[in-house]
Structure formats: structure tokens, C-alpha cells
Amino acid sequence: MKFENNKYTIQGIDVNKLCQQFGTPLYVYDAQVIENQIEKLKIAFSGLKLKLKYAAKALTNISVLKLIKNAGCDIDAVSLEEIEIALKAGFLPSQITFTPNSVHFSEIVLAVEKGIFVNIDNLDVLAEFGKKFGNTVPCSVRINPHVEAGGNDKIKTGHAASKFGISIEQKNDIITLVNQYNLHIKALHVHTGSDFSDVEVFMQVAEIIFDLAYQFKNIKVIDFGSGFKVAYKKGDKTTNITLLGEKIVASTKKFASKYGSEPEIWFEPGKFIVSDCGVLFAEVTVLKHSPATTFAGINTGLNHLIRPMMYDAYHEIVNITNPEGAESEFSIVGYICETDTFAWNRKINEVRKGDILAILNAGAYGFSMSSQYNSRPRPAEVLVYNEKAHLIRKRETLEDVLQNQIEIDLY
């Protein structure tokens, strides 16, 4: 979203007009931002046999998936449902990786039957996979490197107490199972968490995985996950993708010369690709003055964007209908019967009843984590592509909230 000629625009379209056309609350995604982020990754890692696998959980709208496919990405799915949506979006089974956690083994069997490559993060499941498939189906093993990185504790996945991955200290158990069932381990996978900005920590993890890879005969893929940090406010430290690319290329070439072949390098960016593309627009419905603060109540809440309350996430908020108003402090709060504060005593251009506020960086884990809490319907989604606005999800209604309920006669 850009500020030009005293108004905010997306690809030249006045966002006020988008809100008038589609109503609020409203999610709007800028396709150009998505394409630009993918291109940045391709350039940064151009010295590798690279494969980008978009982490679908960040934003699963089928039209967005089609856009990402056209930009040259594959898919990382964490559920059978995400697999089905990816297939409907046009991805081939060979372009999808399944990285489940704590699922029934039957889900893994179903994925294999669909031709999906599976990433296994549990010794018991690895043994069950070996009993079922032996060496007839290649798979990947997800490793927990015991390296803590990332932002909020809720999004760190590589530390010793994490539920994700097989502990690096259990590598001998992995090798025992591989030999026992003659498993075909094609790939090793690691993901230490989101909001990961320290390149040196990333390289520490890379060395752990490359060192482990020497224990296997036919590793074709090293999958480094993602978690690249994006900026949510001015001054945020972000992942230096260019520097990381240089170091990963050098490390991969070093490994390849000793191993005898160069593996494909996979990354699974989700937030990095879609975070900055998305804006959640909401109308100011109430101004409430108290001794502690001035509240600006808006017609959305944690049911539509839970990140501030769940992760203490910061999202920049701008007043698109009064962009030149004098700045003052407001606490932006939602309409849910729960504390759902988007910002506390935030300096914003003067907020008036009826103004439209834009909550930025809402593309990742915004709509995908939304709910019908308080029986509130979910908002519409719009994709701006080639300077045109396309409705890609209708606004829900009360009928949508009630559609799967079954009313019984109690009298």
C-alpha cells in the first residue's frame, strides 16, 4: 500500500474505493508484492539447485495459491485439506510436500497414495512408515537441531523442548530404523522457527544438517524450511536474504564436493511471501474516552486477526480516510467480547467515527487463522492483480455461521 497524492493506493487503486465497493472489514492482497518477494528469493539463492515451496498455512486462498504457482513455487502442506486445495489450484502431486505433526498414520498413507512426498518428524512414525513401505517410497526426515531462534516463544520450533522434528541427539535411532527397514531417505528437513533474523544462527543449523547428511547414502534434498523475518515496523531487523544466500551457496558447494553430489536446496517461505501483501481494513464504530486512554473501536477483532493477542505481534495501523490529520494517541480495539487490542496508545492521524483504518502486514496468518468467534462472520477477501480488484472470497453471512448446525426438537 502506497501513499501518493494525499491518498493510499494499491497498484494505483484508491483503497477508500475498495472499501466502499466491497465493504469492511475487508482483506486486500497485492499480487505484485507476492511476485516481488518470490523473485527476491530466486535471486538471493540463484547459485543453488533451488526449489521454493510456499508454506500454504500462511494464506490458503485458492486464487493466491494459483498466483504463487504461476510465479514458480511448489507447496508445503501441513494437512490433507491443504493438499486438496493445492491440487485444486493446479499443483501436481510431485510439487507438494506433506509435513504433518501428530496426525494419525492413516493420513500419511493417504498422502502417499496421492503421490505426495512426506516429511516425517517422529521415530514411531518413521518405524511405521518403514513397516508399511520399506524402501518403495522415498521420504524426508525432519530434524530438531536443538538451536533456539525466532521471535515469540509460540513460533520457535527448533529448540530442545519443541514438539517438532526428531532430536538431533536421536540420530543413531534414525539410522537404526533406516537400516532395519531399508528406508529410502531422500531428504533431510529442518525448521527452527519464524521471525528468524540471525544469519549465523541459520548457518549453525545448516552445518548440523549437512554433517548429518554424510550418514546417509542418497540424500538428494536438504530442506531448510524458512522463517525469514519481515519488518512489521520501522527499525525491525530482518533476515539478510542476500547474505544468507551467499553463505548457503558456499556451504552447499563445500558439502557437495565431499559428498560427491550436490543436493537440491528447498526453502518453505510462507510469511516472507505473503505478509506484506495483505491489509485488513476496518471502520471505526466507536470513540470512547477514559482516564487511561482514548479507545477507537473498530468493526473487526481477534476473530479476524488474532496475531496481536496470540503472539503480541505489532502491526502498523494507518488512518486512510484522514491521512493528514494531526497525530494523537489512540488504543485500537475490536468488537469481540474478549480483550482484543490491536494497538495500545498508538500515535495515529486523528481518528474519527466512520474513519477507515488499515492494519498492515496482515497477509500471513490473518485470514487463515480467523474464526467465527462470537458468531461473527468472516470478512471478504480481494486480490489486486494487474491493477484490477478481484473478489476471491465472499463475505460470510449468518447462514454460513449456521450452515453445519443441526437443530433438534427438545420438546
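Where in the chain is P25 found?

1. P25 is found in the loop between α1 (15–22) and β4 (26–30), where helices (H or I, at least four residues) and strands (E, at least two) are DSSP runs numbered from the N terminus. The peptide bond that joins T24 and P25 is cis, with omega at about -5 degrees.

2. The model is a predicted one, in which local features need pLDDT of at least 70 and side-chain atom pairs count only at pLDDT 80 or more, while totals for chains, interfaces and linings use all residues. Residues are numbered from 1 along each chain as its sequence is written, and side-chain values use heavy atoms, with hydrogens and water left out.

3. N6, in the loop between β1 (2–4) and β2 (7–10), has a positive phi of about 65 degrees although it is not a glycine, and at 48% relative accessibility N6 counts as partly exposed. Y365, in the loop between β19 (356–359) and β20 (380–385), has a positive phi near 60 degrees, but Y365 is buried, with a relative accessible area of 15%. Here buried means under 20% relative accessible area, exposed over 50%, and partly exposed in between, with a 1.4 Å probe and protein chains only.

4. On the packing of helix α2 (residues 31–44) against helix α3 (residues 62–70), the angle is about 40 degrees and the axes are 10 Å apart; axes are lines fitted to C-alpha atoms, for helices over the stretch in contact, and angles run from 0 to 180 degrees between N-to-C directions. That angle makes α2 oblique to α3, since angles under 35 degrees count as roughly parallel, over 145 as roughly antiparallel, 65 to 115 as roughly perpendicular and the rest as oblique. Residues A31, I34, E35 and I38 of α2 meet V64, L67 and I68 of α3, a contact being heavy atoms within 4.5 Å. The residues of this contact divide into six nonpolar, no polar and one charged, where Ala, Val, Leu, Ile, Met, Phe, Trp, Tyr, Cys and Pro count as nonpolar, Asp, Glu, Lys and Arg as charged, and the others, Gly among them, as polar.

5. Helix α2 also packs with helix α9 (residues 241–259), at an angle of about 35 degrees and with axes 8 Å apart. In this pair K40, L41 and A44 of α2 meet I241, T242 and G245 of α9, and the residues of the contact divide into three nonpolar, two polar and one charged.

6. Which strand holds I265? I265 lies in β13 (residues 264–267) and is buried, with a relative accessible area of 0%. Not counting residues up to four places away in sequence, I265 touches L48, K49, L50, K51, F210, I222, F224, I248 and T252. The C-alpha atoms of I265 and D211, 54 residues apart along the chain, are separated by 15 Å.

7. S140 has its place in strand β9 (residues 139–144) and is buried, with a relative accessible area of 3%. Beyond four places in sequence, the residues that S140 touches are F117, V118, N119, I120, A187, L188 and H189. C139 likewise counts as buried, at 0% relative accessibility.

8. With a disulfide taken as a pair of cysteine sulfur atoms within 2.5 Å, the count comes to zero disulfides. The sulfur of C73 is 13 Å from the closest cysteine sulfur, in C277, and therefore too far for a bond; C73 is buried, with a relative accessible area of 1%.
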